[in-house]
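Please look over the sequence and the model below before reading on.

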Amino acid sequence: MADLGAAGATRRRRRATFAAGRGGSLVPMNGASAAACPSAGTAGHSGDTPGQKHGSPETARTRESLLSSESGYNNYRGILNWCVVMLILSNARLFLENLLRHGILVDPIQVVSLFLKDPYSWPAACMVIGDIFLSLQGSFSEPVGLTIHCINLTVILTFPVAVVLTVPSVTPVGGAFALGIYTIVLLKLYSYRDVNMWCRDLSRAKAKNYMYYFAFAPTLCYELNFPRSPKIRMGFLLRRLVEMLFFTQLLVALTQQWMIPIIQSSMKPLEDMDLSRMMERLLRLAVPNHLLWLMFFYWFFHSSLNFSAELLRFGDRQFYNDWWNAETVTYFWQNWNIPVHKWCLRHFYKPLLRRGFSKIVSQSAVFFLSAFFHEYLVSIPLRMFRLWAFMGMMAQLPLAWFVGNFLHGNYGNAAVWISLIVGQPFAVLMYVHDYYVLRYREDTD
């Protein structure tokens with residue numbers, strides 16, 4: 001019993017340290033007090049606080065990212081499970097074998113060609129620049145403003161699709177980058193309009209024009225007062241910059257050296273429908289694919305978003321949570337991409353609940369929306385529609401039910417990791433195979 005008491009005390013101290021690391025004082029923009037100009041979180045949301053009608057899931061406050069040393073977080077149990085799974089599926093000799101068989105394949109010039117076919121024609125860059133003008137908002141009456149807002153969102157969703165599909169010089173990578181920027185702006189503008197509408201309806205606050213700050217802030221949910229950090233920490237900023245540069249080079253090198261040869265060697269088994277060799281190639285691709293996915297997560301969600309947040313003194317650094325400890329599929333999707341999760345919760349899931357839909361229907365609708373955008377960001381740049389990403393996301397619903405009901409604890413956590421390690425390379429192989437087949441046929445014709 002004494003041991004259990006000591007363990008419980010240790011856990012309580014750890015949780016207290018974690019809470020202290022995540023919490024912080026709120027420093028509103030322009031020096032305004034939180035009481036004088038409430039955030040979108042204080043505007044209220046259905047089911048949060050009695051008497052509230054709308055708002056964010058929680059009030060925004062200054063928080064450090066979990067992997068930052070300042071957060072005080074030290075629970076990495078899920079990472080140990082990941083190591084066990086990776087040791088089963090991989091071996092260090094695979095990379096050495098690849099290097100001996102293919103030699104050095106890293107070519108930075110080839111990477112540039114993925115973005116630009118013609119150095120004097122930059123359609124993807126022009127699209128991103130034009131997106132700035134589509135983001136500008138004015139003051140109109142409610143009916144006129146709603147009409148213009150809907151037209152603007154429709155243009156933001158369809159204009160890049162038309163350009164990518166009709167302009168031959170748009171490369172798949174450039175098209176995906178442009179579509180990603182447009183998707184982020186679409187979600188931001190939707191949140192901007194909703195939050196200001198809630199404030200007008202409640203007559204509790206007058207929206208201020210923080211649109212330009214919000215456009216560059218690492219968040220998709222608009223607030224009337226964003227949490228601000230007291231100053232820019234140059235040491236923290238430089239560490240994130242070095243990480244961004246290092247992981248960018250590493251991602252490019254490993255993709256060219258490790259992933260591309262495996263994908264190329266997988267085309268023949270896929271065309272012959274040789275199931276045993278297809279499975280062997282799938283498992284071989286799972287190792288570098290998952291390693292690159294983890295590095296991309298750290299590069300984007302920790303290094304890049306913290307870098308931009310530090311430059312803007314944006315205080316809420318909760319861009320991810322401890323998704324590696326996920327014992328259910330639902331917990332993983334709720335915690336690996338916090339900005340998107342908060343947007344879906346505030347502007348899609350809870351509005352559906354307020355309209356009388358059940359939780360199951362609302363959750364399914366959120367997965368359907370996510371599946372649409374996954375397919376949107378893959379199929380349009382590749383100029384082909386195979387629905388692999390869409391079906392992969394929708395398959396998360398039965399997988400979430402199975403894991404949540406039949407697997408618990410470490411077994412559930414291992415199931416989540418295995419689904420990530422095996423599921424992603426399967427979709428990659430399907431898309432790459434179809435892309436090369438279509439391109440080969442076009443070249444032959």
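Leaving aside its neighbours within four places in sequence, which residues is His-374 in contact with? With contact meaning heavy atoms within 4.5 Å, the residues are Ala-389 and Met-393. This is a predicted model, in which local features need pLDDT of at least 70 and side-chain atom pairs count only at pLDDT 80 or more, while totals for chains, interfaces and linings use all residues. Residues are numbered from 1 along each chain as its sequence is written, and side-chain values use heavy atoms, with hydrogens and water left out.

His-374 is listed by UniProt, in an unreviewed entry, under "active site"; UniProt positions are given in the numbering used here, feature names are shortened, and annotations may be inferred rather than shown by experiment. The residue lies in helix 13 (residues 359-382), where helices (H or I, at least four residues) and strands (E, at least two) are DSSP runs numbered from the N terminus. His-374 counts as partly exposed because its relative accessibility is 35%; buried means under 20% relative accessible area, exposed over 50%, and partly exposed in between, with a 1.4 Å probe and protein chains only. The side chain of His-374 also reaches the backbone oxygen of Ser-370 at 2.8 Å.

Helix 13 packs against helix 12 (residues 338-354) at an angle of about 140°, with the axes 9 Å apart; axes are lines fitted to C-alpha atoms, for helices over the stretch in contact, and angles run from 0 to 180 degrees between N-to-C directions. That angle makes helix 12 oblique to helix 13, since angles under 35 degrees count as roughly parallel, over 145 as roughly antiparallel, 65 to 115 as roughly perpendicular and the rest as oblique. Among the residues making this contact are Trp-343 and Phe-348 of helix 12, together with Val-366 and Leu-369 of helix 13.

Another pair consists of helix 9 (residues 234-272) and helix 10 (residues 275-312), whose axes come within 9 Å and cross at roughly 160°, so that helix 9 is roughly antiparallel to helix 10.

Over the protein chain, the secondary structure comes to 16 helices and 0 strands, and 44% of the 445 residues count as buried.

Key
A polar contact is a pair of N or O atoms within 3.5 Å; within protein, one must be able to donate a hydrogen and the other to accept it, and residues adjacent in sequence count only if both atoms are side-chain atoms.
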